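These are my notebook entries on a model of two chains. I record what was looked up, entry by entry.

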Amino acid sequence: MLTLLKAGRVYDPVQGIDGEVRDIWFRDGRIVAEPGSGTVADETVDVSGSIVMAGGIDLHSHVGGGKVNIARTLLPPALRAEVEERLRGPVPTAWETGYEYARMGYTACFEPALLPVNARLAHQEMADIPMMDKGGYAMLGNDDYLLGLLAAGTDQARVNDYVAWMLRATRCLAIKVVNPGGISAFKFNQRRMDVDESHPHYGVTPRQILVALSRAVHELGVPKPLHVHASNLGVPGNMNTTLETMAAVEGLPVHITHIQFHSYGTEGDRGFSSGAAPIAEFVNANSNVSVDVGQVMFGQTCTISADTMMQYLGHPYGSPKRWLCADLECEAGCGVVPFKYRDQSFVNALQWSVGLELFLGVNDPWRIVLTTDHPNGASFTSYPHLIRLLMDRSFRNERLDTLHPEARAASHLASMNREYSLYEIAIVTRAGPARLLGLEDRGNLAPGAAADIAVYTPREDWELTFRDATLMFKDGRLVVRDGQVVDLTWGSTHWRQTDYDAGIERLLDDHFQRHYSMNVANYPVRDEDIEGDGRGRLVAHACRRQN
Amino acid sequence: MSSLQNVPCPFCGLGCDDLMLHARGAAFTVVSGACPRSLAGFARAFDKPDARVRGQPASTASALAEAVTVLGGARQPIFTGLATDVAGVRSVLALARQCDGMLDHLHGAGGLQGVLALQSSGGMTTTLAEVRNRADLVILVGSSGEDVAPRFRERVLSHPRHEHAGTSPRRVFVLGPQGLPADADSDPAVEWRHLACTAADLPYAVGALRCLVDGRSLDPRAGENLPMDGLGALAARIPEASYGAIVWGGELIPGGHGDLLLEAIQTLLQDLNAESRWGGLAIGGGEGGATMEEACTWNTGYAGRIRFRSGEAIYEPRLLDAARMLERGEADCMVWVGGLEGDHSPPAPDVPSIVLAPPDVPLGREPEVYLPVGIPGIDHSGTGVRCDHVVSLPLRQLRKDGPPPASQMLDRINEGLGGRGVSAC
Ligand code: SF4
Ligand SMILES: [Zn+2]
């Protein structure tokens with residue numbers, strides 16, 4: 001069926017289209033070029049006056065894996081209702097996740113902390129998220145195997161083989177490292193870890209891990225830069241750690257995630273200050289670095305992280321008081337701590353400001369992505385509110401005026417005049433993340449791209465505008481009308497494929513025999529594990545090898 | 001004789017995946033990696049089974065049609081058993097939602113004790129490979145390990161630790177009525193010690209241990225029935241451990257408030273971590289218990305014991321008890337979803353019942369509808385979740401022509417009721 005979306009105001013930064021009135025044609029789930037005159041569409045939808053963008057893409061959202069279920073268990077819907085009026089969020093079910101993203105015009109979300117040994121189950125959980133495309137980033141860098149390789153001074157080629165094998169075994173799209181070496185060090189009862197501190201057993205430093213993994217990702221030609229959750233999350237003064245981390249990769253592409261949580265100084269009476277300015281300055285000066293923000297919003301949420309070292313440290317601040325940390329299968333860990341951000345808390349209010357200062361301080365929108373690190377900073381359902389904060393300076397300043405007075409005084413926000421344009425919003429919510437992920441046929445509306453399309457009707461303010469998509473098409477199918485889901489579809493699971501020397505399997509077999517509680521033969525995710533129930537399909541993307 | 005390597009075993013929560021099987025007709029002999037449970041499980045074979053309606057052989061289609069009629073006429077159906085794989089859980093959730101049903105896994109309240117404890121206090125947990133590679137001190141509470149997971153000792157306790165964790169024998173304390181393994185004295189890898197107490201005294205024993213660890217004094221009368229010497233020796237070992245683990249089975253105190261005991265254990269673990277590293281590990285979760293908890297939680301927000309009302313899941317962890325509700329007539333239809341029920345058989349209630357189970361599962365009374373289903377991991381492939389909830393097993397289809405997966409039958413009943421066959425939870 002040939003569909004014509006007629007005369008919308010199109011924002012497609014990939015093609016440089018900035019609000020021009022255009023027609024968008026699509027057929028069989030793909031955008032097509034405007035057919036010659038005389039061709040009549042089977043269906044024409046008049047969207048004049050509306051905003052048309054590609055479907056939104058969340059490149060960092062905790063939507064799958066055992067830790068999300070632990071969060072649901074600690075804050076089940078009935079208990080969530082105790083702490084906030086809305087039943088939904090902060091940790092929605094798989095089902096709710098798809099519905100809530102779809103109504104906002106989002107069509108893809110990516111789980112950034114997939115524990116490799118948990119991959120099969122995480123993918124099956126994500127397979128139950130309707131409407132969305134999805135994918136995972138495999139977590140490495142705290143696993144005994146890689147730490148052992150680095151301790152032995154093994155050459156980079158072997159590391160690359162291991163990373164390539166893991167991408168395939170876990171059906172993942174990218175590689176992530178969380179508190180490099182620190183999660184493992186915590187198992188040896190070490191409580192903090194700086195970038196040049198040695199692991200208590202393996203002797204390797206976070207810097208070495210960052211270099212090895214970012215090189216592997218680069219040399220294998222995985223488009224998505226290494227996804228880095230830096231050391232010292234949440235600690236006053238951690239901006240220095242973050243600056244060291246960004247510099248550690250020696251110019252290779254690197255993505256620092258939820259950088260808000262890593263941009264704190266130690267100035268002022270309370271020893272806690274915004275480090276957003278120097279961090280933004282570094283990002284602006286180094287084109288190999290991209291970031292997402294992890295914006296904090298006020299209210300009840302639940303923090304979920306693989307970073308057991310820092311989650312354990314932070315548990316006394318949790319609310320309500322039930323939390324869990326876990327050591328996981330000699331690969332990593334997880335820590336789940338319910339948390340309530342309060343606008344009358346100095347620290348929380350300043351965290352809110354730091355996130356926005358970063359959004360406004362990083363000049364190149366292609367290298368900063370809109371996230372709340374769902375649900376760590378806030379639920380993804382707060383994105384429309386966040387978009388308004390970015391686009392509407394007077395709204396932002398009004399909000400700032402209601403915060404803890406000392407936080408207001410310590411914030412640099414009042415002096416920042418920048419307002420995001422619709423074009424920039426289209427970059428930080430779709431075009432930018434698609435480019436970082438290397439998904440050429442998503443995040444844009446050029447002929448050949450997937451017909452993942454969101455249509456918004458301008459309303460009194462930007463929050464209302466982006467709250468409910470007027471129309472949303474997933475792979476060409478209309479699934480949302482006026483913010484209501486009207487049809488059900490299952491998206492695709494994207495993963496990144498590359499070759500490796502088969503010798504790595506022999507080495508892994510030996511390692512598994514000695515240290516794992518399962519066989520290497522049973523470790524890889526099977527296609528049927530994801531596609532078996534008829535929910536969505538796997539899409540393999542090739543790597544772009546450097547050699 | 002054809003042999004199958006590295007076969008995952010679906011018969012308990014330990015999730016061993018190193019079995020070697022020989023085919024013997026339609027059944028299998030476990031020739032390596034065996035335990036009594038897996039030997040019995042893989043030896044099961046059935047004739048080509050028929051569906052039945054009120055005891056009479058029936059075609060699958062007519063049995064399904066009858067199931068639709070029975071379920072369609074029920075106002076308060078309860079789904080139990082729930083001993084299935086991920087696909088089966090998805091399907092039963094969708095069906096229960098479609099007909100405003102209730103769900104209770106065959107482990108009932110016992111199976112949910114861990115979840116209830118987490119919902120009060122949270123905890124500190126660990127997994128099989130962490131215990132195997134790191135733990136130099138293990139406290140087994142209310143279980144010898146083997147009674148819950150036959151190969152726990154072989155696969156975890158007796159296995160050498162990682163080179164970084166030393167070579168001294170692992171110290172294992174068994175607290176509870178369970179005896180030590182027969183050859184415990186001659187085990188070079190493990191230094192066993194039994195701290196005997198009754199199951200009912202476990203909460204007091206854990207409380208006493210907590211006092212000893214905290215250096216608080218204990219009223220001597222409180223310790224009268226407890227192995228105080230042994231608990232003292234254990235408390236002295238705790239600060240020396242480089243990595244400690246507390247391990248328990250499924251249901252800690254039968255019929256009792258096991259969740260409160262688990263909460264005491266979890267808060268002890270949380271506090272021990274202020275100084276050194278500890279984790280807790282449940283080794284239950286068999287009969288599809290862990291699988292049900294995981295898939296039910298991501299689909300509904302709750303691990304089990306829910307009822308659906310107009311599509312919303314309502315959580316009633318202490319009230320929603322299948323056995324009691326069937327007894328009291330608070331449910332007017334029972335659907336048993338099996339495959340992995342092992343030794344458990346369906347209740348024989350007075351209300352109409354629909355049983356989906358392998359052909360050799362004994363039935364207390366003939367149900368209105370019986371639909372044969374296969375064993376996940378033998379008759380069809382699927383995913384099973386291990387006791388630690390982290391690792392899942394790629395269950396394989398090992399033979400053809402067996403009964404179909406429970407999920408297929410459930411989806412077809414759902415279609416008959418006008419449902420969509422997706423877990424729209
Ligand atoms: S211990 Fe459990 S999983 Fe392992 S072989 Fe025996 S029954 Fe199967
Ligand atoms: Zn995150």
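**Entry 1. Domains of chain A**

I began with the centres of domain 1 of chain A and domain 2 of chain A, which, taken over C-alpha atoms, are separated by 31 Å. Domain 1 comprises residues 2–54 + 441–485 of chain A, and domain 2 comprises 56–419; such bounds come from an automatic or database domain assignment.

I noted that this is a predicted model, in which local features need pLDDT of at least 70 and side-chain atom pairs count only at pLDDT 80 or more, while totals for chains, interfaces and linings use all residues. Residues are numbered from 1 along each chain as its sequence is written, chains are lettered from A and ligands numbered from 1 in the order in which they are written, and side-chain values use heavy atoms, with hydrogens and water left out.

**Entry 2. The domain contact in chain A**

I looked up the contact (heavy atoms within 4.5 Å) and found 23 residues from domain 1 of chain A and 20 residues from domain 2 of chain A. The two domains bury about 1800 Å² between them, with 62% of it on carbon and sulfur atoms. I take buried area as the accessible area (1.4 Å probe) that two parts lose on being put together, summed over both.

I then looked up charged pairs. Side chains of opposite charge can pair when their charged atoms come close. The salt-bridge rule asks for a side-chain nitrogen of Lys or Arg within 4 Å of a carboxyl oxygen of Asp or Glu. It finds four salt bridges across the interface of domain 1 of chain A and domain 2 of chain A. I also recorded a salt bridge between Arg442(A) and Asp133(A), at 3.0 Å from N to O.

For polar contacts I used pairs of N or O atoms within 3.5 Å; within protein, one must be able to donate a hydrogen and the other to accept it, and residues adjacent in sequence count only if both atoms are side-chain atoms. Eight residue pairs (both at pLDDT 80 or more) are in polar contact between domain 1 of chain A and domain 2 of chain A.

On the side of domain 1 of chain A that touches domain 2 of chain A, at least two residues each come from strand E19 (453–456), helix H17 (462–467), strand E20 (471–474) and strand E21 (477–481) of chain A. Helices (H or I, at least four residues) and strands (E, at least two) are DSSP runs, numbered from the N terminus. H17(A) gives the largest share of that side, four residues.

Which residues coordinate the zinc ion (ligand 2)? I found His60(A) (NE2), His62(A) (NE2) and Asp373(A) (OD), at 2.1 Å. His62(A) lies in the loop between strand E6 (56–58) and helix H1 (66–74) of chain A, and Asp373(A), 311 residues apart from it, in the loop between strand E18 (368–369) and helix H13 (383–391) of chain A. Donors are N, O and S atoms within 2.8 Å of the metal (3.2 Å for Na, K and Ca); water is not among the atoms, so sites may look incomplete.

I also looked up Arg103(A), which forms a salt bridge with Glu100(A), the closest N and O atoms being 3.6 Å apart. About one helical turn separates Arg103(A) and Glu100(A), because they are three residues apart in helix H3 (residues 94–103) of chain A.

**Entry 3. Domains of chain B**

I found chain B divided into domain 1 (49–107 + 287–416) and domain 2 (111–282). Their C-alpha centres lie 34 Å apart, and the contact takes 12 residues from domain 1 of chain B and 12 residues from domain 2 of chain B. The area buried between these domains is about 950 Å², of which carbon and sulfur atoms give 58%.

The rule finds one salt bridge across this interface. I recorded Arg318(B) and Asp259(B) in a salt bridge at 2.9 Å, N to O.

**Entry 4. Chain B against chain A**

I counted in the contact 64 residues from chain B and 59 residues from chain A. The chains bury about 5200 Å² between them, 48% of it on carbon and sulfur atoms.

Seven salt bridges cross the interface of chain B and chain A. Arg277(B) forms a salt bridge with Asp327(A), the closest N and O atoms being 2.9 Å apart.
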